[in-house]
Amino acid sequence: MTGFDLIVAGAGPAGIAAACRAAETGAKVLVLDNNPAAGGQIWRNDIPALWAQRLSNVEVRGGCSVIDDSILAHGVPIVLATGARELFLPFPGWTLPGVTGVGGLQALVKSGFEVRGKRVVLAGTGPLLLAVASLLRKRGASVTCIAEQAPRSALLRFATGLWRYPLKIAQGIELGGSLLGVPYFTDCWVEEAYGRDRVERVRLSGFEQDCDLLAIGYGLVPNTELATLLGCTLQDGFVTVDAMQKTWREGVWAAGELTGIGGVERSLVEGEIAGLAAIGELTEARKLFSRRAAWHRFASHLTGAFALRPELRALPRPDTIVCRCEDIRYNDLTRWTSAREAKLQTRCGMGLCQGRICGAANHFLFGWQDTSVRPPASAAPVSDLMES
Ligand SMILES: Cc1cc2nc3c(=O)[nH]c(=O)nc-3n(C[C@H](O)[C@H](O)[C@H](O)COP(=O)(O)OP(=O)(O)OC[C@H]3O[C@@H](n4cnc5c(N)ncnc54)[C@H](O)[C@@H]3O)c2cc1C
């Protein structure tokens, strides 16, 4: 790690933008990402040509997890851009084979998983449902329906507020065109999934639907484990930063979905600011503040429209599994008052994923905030663990 002027953890849009802007001033930049290739969630295996070209001046190491605070020992400024993951909410049948996250199914399809001729129901909330439905259709799947939990009135308000973001209108028109004929229900969510060995049928609000695959997505939650291990401050679950994207931990900046959920443009501009600020180019960074403010406004608009409805808290039955690593059921959790207590008494969140799935679900269901994080910050090969 020595010999570099900046280290970036995460090679999604925010990390790429941070690295490129810093490298373009002559800085020597290293980017580490636990995926084999750069691109993050949205650009997986397919970075836009402009960014791919700019990235050529940067050293990118894929398959390399940053797992603890030993990264700080090199005394090199660090930009954290570790992004977000999907939020899963438990309901009866959600552990059946064939039930996946929408982003998970998208990643599978982009890696070659065959969906041609398969009947797919997509349910949950937000524009990601539409993006994934469009991809599935292009790959020959039959998208049986899209169930959006947000109320129709919220979506209408969202759509009418889009006039300030022509780029988003253009994207919306393109997506809408690719989904002509696909039933889109608002105020609608999955109540139960049925099937003997795998999902065969789902019950949505007021009707049932046969399917081969059910893809669920209730929005995103930030990957804050590394930031927490490094001693950054969190507020409402997100890393707190100042105007220069600097965290409260000396020598550490943060950008992208780690600091708030709001789409690729928001991640990019935050990444650019963080990369410039981390190497001391504050005047250049300031020039990007107004662009960032616009995408922060868009993010608030998005979050308000797709807020999760309280009815979703009533979906699990007493025997519904909540922590799928340790097989902990809803009924096992209701008597405890905190994530820590539930963990100590039931092992909830102590399995393979270390609460990365049930932790966010329990926050929504019970209001618990699990702040205890231990290394490794993300799944890592033994070789990485031995080096740290
Ligand atoms: C599953 C999923 C699918 C999505 N699909 C779409 C889509 O189709 N269209 C769309 O507009 N938006 C999509 N989004 C939202 C999109 O990812 C964001 O809008 C934005 O692009 C996020 O950029 P980012 O750089 O902040 O984070 P990300 O793109 O999430 O990048 C973060 C990177 O950091 C890496 N990382 C995390 N922790 C570590 C660590 N400890 N060490 C090393 N590397 C680490 C991750 O592997 C990842 O490559 C998706 C989000 C998710 C979670």
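Student: Which residue in β12 is the bridge partner of Leu 204?
Tutor: The partner of Leu 204 in β12 is Phe 207. Please bear in mind that this is a predicted model.

Student: How many bridges join β11 to β12, and in which sense do the strands run?
Tutor: Four bridges join β11 to β12, and the two strands run antiparallel.

Student: What about β10 and β11: in which sense do they pair?
Tutor: Strand β10, residues 190-194, pairs with strand β11, residues 201-204, in the antiparallel sense, over four bridges. Val 190 has Leu 204 of β11 as its bridge partner.

Student: How many residues lie between β10 and β11 in the hairpin?
Tutor: Six residues lie between β10 and β11 in that hairpin.

Student: What is the strand order in the open sheet of three strands?
Tutor: The order is β10-β11-β12, with antiparallel pairing. β10 and β12 (207-210) each have a single partner strand, so one side of each is left without a neighbour in the sheet. On average, neighbouring strands of this sheet are turned by 20° against each other, direction ignored.

Student: Turning to the open sheet of five strands, what is its order?
Tutor: Its strands follow the order β6-β13-β7-β8-β9, and the pairing is parallel. The edge strands are β6 (99-101) and β9 (184-185), each of which pairs on one side only.

Student: How many bridges are there between β8 and β9?
Tutor: β8, residues 142-148, pairs with β9 in the parallel sense over two bridges. In this part of the sheet, Ala 147 stands opposite Phe 185 of β9.

Student: Which strands does helix α4 touch where it packs on the sheet?
Tutor: Helix α4, residues 128-138, touches β7 (119-124), β8, β9 and β13 (213-217). The direction of α4 makes about 175° with that of β8.

Student: On to helix pairs. At what angle do α1 and α8 cross?
Tutor: The axes of α1 (residues 13-23) and α8 (residues 264-278) cross at roughly 35° and come within 7 Å. The crossing of α1 past α8 is right-handed.

Student: Which residues make the contact?
Tutor: From α1 they are Pro 13, Ala 14, Ala 17, Ala 18, Arg 21 and Ala 22. From α8 they are Val 264, Ser 267, Leu 268, Gly 271, Glu 272, Gly 275 and Leu 276. The residues of this contact of α1 with α8 divide into eight nonpolar, three polar and two charged.

Student: And α5 with α10: within what distance do their axes come?
Tutor: The axes of α5 (residues 152-160) and α10 (residues 289-305) come within 9 Å, crossing at roughly 165°. That angle makes α5 roughly antiparallel to α10. α5 passes α10 in a left-handed crossing.

Student: Which residues take part there?
Tutor: Ala 154, Arg 157 and Phe 158 of α5 meet Phe 298, His 301, Leu 302 and Ala 305 of α10. The residues of the contact of α5 with α10 comprise five nonpolar, one polar and one charged.

Student: Finally, which domains does the domain assignment give?
Tutor: The assignment gives domain 1 (6-85 + 221-303), domain 2 (90-217) and domain 3 (311-366). The C-alpha centres of domain 1 and domain 3 lie 31 Å apart.

How values were computed: Residues numbered from 1 in each chain as written. Predicted model: local features only at pLDDT ≥ 70, side-chain atom pairs only at ≥ 80, totals over all residues. Heavy atoms only, no water. Pairing = 2+ DSSP bridges. Contact = heavy atoms within 4.5 Å. Axes fitted to C-alpha atoms, helices over the stretch in contact; angles between N-to-C directions. Parallel < 35°, antiparallel > 145°, perpendicular 65-115°, else oblique. Left-handed = near helix turned anticlockwise from the far one by under 90°. Nonpolar A, V, L, I, M, F, W, Y, C, P; charged D, E, K, R; others polar. Domains from an automatic or database assignment.
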